[in-house]
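Biologist: I am new to this structure and would like to learn how to read a few of its features. Could we take them one at a time?

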Amino acid sequence: MTTANATPAPAKAPAPKKDAKGNGVLSTLANNSKQYGIVGALIVIVLVFQFLTDGVLLKPNSFVSLIQQNAYVIILAIGMVMVIIATHIDLSVGSIVAFVGGVCAILMERQGVNWMLAILISLLVGLVIGCWQGFWVAYVGIPGFITTLAGMLIFRGLATVIVGESVPVTSPEFRGIARNYLPNILGWWGPFDGLTIVVGIICIALYAWSLLRRRAKVAKAGLNPEPMALTVTKIVIATLLIGFVTYLLALSGNATQGGIPIMLVILAVLVFIYNFILTKTVFGRHVYAVGGNRKAAILSDINTKRVDFTLFVHMGFLSAVAAVCVLSRLASATAQAGMEFEMDAIAACFIGGTAVTGGVGTIPGAVVGALVMGVINQGLSIMGVDTAIVKTIKGLVLLGAVAVDIMTKRKKS
């Protein structure tokens, strides 16, 4: 006989939720086929050009050159992917690169400003330009396409006025940003740079730790984590890729310096910071919300105007960073600098899986897309292909990437 105040039996812990399609390796791969497909396409393109260039593409110094010459695409793509996720576009970044680069060169060469102070002022100019364009988009309501089209004309014209023919840069410290390497503080381990090897090992360890930690978090939340076999496969593949890149970097350089280029450090810092902003902050969540459904975002009390304004401020800042890097590499400011940079950045985003309609996209995906563009540029340049043909091939790659994205969405719907 039971009593009224008997202690009820403890409830059983809820069983982990199961994926309707199963949680096997094949189903997980199928669900993430788009992400893996982009990385796979990059690997295939690299292998194709490695064969077509008779192994020149992946020689240590050629690999470093690939990073240094195409850093601007990655930097601009970082900002562009956020802008596109929020359903905007920025056509002015190439002109801003020319204008800010001209300002930086004039400050150093004609005004005698210290190179570090000149960089700081240039970044502030980029922020002001971002505020200018963000104001028209967010608070006046002019579409981003029109605002930045006007900006493309305005800043290209201003660059022509202030720069004239060209302004050579003579500061060895400034020019070293795009050409030099981190100090060889651990010495040479045979033909290899010791610091590069240590950093490569740390990167492998951090990647493995992050995957295992994420898997443990998912399991702790009562959800089904990805199969351990897939996690191990990812770690093995990443170890091979990072190890190979470490090998190339550790062998790069010359008799006096080599290893990790300063430009690669700048790229790594920017990718880490902006990926954190987009995936781990309230602002990042608001960007996806605005891009997914602007009306719903407004009803959810998200300040969409502030989001739009902030996006263009970030884009202006990153355009200024790209301007400094391009000026350092070219060692001369010209009014024609940055031509078609906006097209490369936009193409990198779409190739990297950013949705044309907004709301979908990642910074790592945009970086992979930028690397695809960079490998195509570098590979065709090594082969001596005419510039017109290079543009044609890049256009076909972009068209194919967007077509695949659209067809994939149709199949899912």
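Biologist: Is E340 buried, partly exposed or exposed?

Modeller: Bear in mind that this is a predicted model. Buried means under 20% relative accessible area and exposed means over 50%. E340 has a relative accessible area of 37%, so this residue is partly exposed. E340 sits in the loop between β4 (332-333) and α14 (341-351).

Biologist: What is the phi of E340?

Modeller: Most residues other than glycine have a negative phi. The phi of E340 is near 65°, a positive value in a residue other than glycine. T87 also has a positive phi, near 70°. T87 lies in the loop between α3 and α4 (93-109), and counts as partly exposed at 40% relative accessibility.

Biologist: Which residues of helix α11 are buried?

Modeller: In α11 (residues 282-292), the buried residues are F283, G284, V287, V290 and G291. They lie on the same side of α11, because they cover an arc of only 125° around the axis. Among the elements that cover them are α3 (60-85), α10 (262-280), α12 (294-299) and α13 (304-330).

Biologist: What lines the second largest pocket?

Modeller: Its lining has 17 residues, and Y72, D344, N377, T387 and K394 lie nearest the centre. The pocket's volume is about 480 Å³. At least two lining residues come from each of α3, α14, α15 (363-382) and α16 (387-412). The largest share, 4 residues, is supplied by α16.

Biologist: How many residues of this pocket's lining are nonpolar, polar and charged?

Modeller: The lining of the second largest pocket has 5 nonpolar, 6 polar and 6 charged residues.

Notes:
Residues are numbered from 1 along each chain as its sequence is written. This is a predicted model: local features need pLDDT of at least 70, side-chain atom pairs count only at pLDDT 80 or more; totals for chains, interfaces and linings use all residues. Side-chain values use heavy atoms; hydrogens and water are left out. Buried means under 20% relative accessible area, exposed over 50%, partly exposed in between (1.4 Å probe, protein chains only). The arc is that of the directions from the helix axis to the C-beta atoms. Contact means heavy atoms within 4.5 Å. On a 1 Å grid over the protein atoms alone, a cavity is a set of points where a 1.4 Å probe fits but cannot get out, and a pocket is an open set with protein on both sides within 12 Å along at least five of seven lines; lining residues have an atom within 4 Å of a point. Grid points are joined across faces, edges and corners, and a volume is the space filled by probe spheres set on the points. Ala, Val, Leu, Ile, Met, Phe, Trp, Tyr, Cys and Pro count as nonpolar, Asp, Glu, Lys and Arg as charged, and the others, Gly among them, as polar.
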